Amino acid sequence: MSGINGSNQLDVDLQCPKCGHPVECGIGFRAGAVKGIKYKPGDKISWDGKPTWPSERPIGGNFKTIGYFECENLRCPTWSDCYPEVQEMLVTIEGDVITGYSSVSYKPDKIDFEVFSLEQEV
Ligand SMILES: [Zn+2]
């Protein structure tokens, strides 16, 4: 357990990798101060406030972290039993700036906002 709640939001021009429907709710992720901040790619994350994710700023502000989104298209193959499957996105942060994001399948059954170094393969 992380011991903290909530996330920030990364607003991106994204289409669901499974059905191509636009994803309008953004990617929920944690980086820097976790307090519902809305970011866009290229933005610098804020470490101003508590709690932060991770609890210590990685050296140089360089890290990667798993974020989450859901597809809103009810006919998407990710929907079953009236709920969408949560999809994962790897968000890259270099020098505290959001420099990239890419769709991954890492731990589809877990939402733990895991953090990696830039060098780690995910
Ligand atoms: Zn979809």
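## A hairpin, its neighbours and a zinc site

In the hairpin of β11 and β12, two residues sit between the strands, and Gly-95 takes a positive phi near 55°. This is a predicted model.

Start with the strands around that turn. β11 covers residues 87–94. β12 covers residues 97–104. The two run antiparallel and are joined by seven bridges. Within this pairing, Met-89 stands opposite Ser-103 of β12.

β11 has another partner. Strand β8, residues 63–69, runs antiparallel to β11, and seven bridges join them. Here Lys-64 has Thr-92 of β11 as its bridge partner. How many of the eight residues of β11 are buried? Seven are, so the strand counts as mostly covered, given that buried means under 20% relative accessible area.

Next comes the metal. The zinc ion is coordinated by the SG atoms of Cys-16, Cys-19, Cys-71 and Cys-76, at 2.2 to 2.3 Å. The site is tetrahedral, with angles of 103 to 114° among the four donor atoms. Along the sequence, the donor residues follow the spacing C-x2-C-x51-C-x4-C. Cys-71 and Cys-76 are both buried.

Thr-78 lies in the loop between β8 and β9, where β9 spans 79–80. Is Thr-78 buried or exposed? Its relative accessibility is 3%, so Thr-78 counts as buried.

The loop between β9 and β10 (83–84) holds Asp-81. Cys-82 is found in the loop between β9 and β10 as well. Neither residue is a glycine, yet Asp-81 has a positive phi, and so does Cys-82. Asp-81 is exposed, with a relative accessible area of 70%. Cys-82 is exposed too, at 67%.

| Residue or bond | Angle | Value |
|---|---|---|
| Gly-95 | phi | near 55° |
| Lys-50 to Pro-51 | omega | about -5° |
| Trp-53 to Pro-54 | omega | near -15° |

Which kind of peptide bond joins Lys-50 and Pro-51? The bond is cis. Pro-51 has its place in the loop between β6 (38–39) and β7 (52–53). The bond from Trp-53 to Pro-54 is also cis. Pro-54 is found in the loop between β7 and β8.

How values were computed:
Residues numbered from 1 in each chain as written. Predicted model: local features only at pLDDT ≥ 70, side-chain atom pairs only at ≥ 80, totals over all residues. Heavy atoms only, no water. Donors = N, O, S within 2.8 Å, 3.2 Å for Na, K, Ca; no water. Tetrahedral: all angles 85-135°; square planar, octahedral: opposite > 155°, others 65-115°. Buried < 20%, exposed > 50% of the residue type's maximum accessible area, 1.4 Å probe, protein only. Helix = DSSP H or I, 4+ residues; strand = E, 2+ residues; numbered from the N terminus. Pairing = 2+ DSSP bridges.
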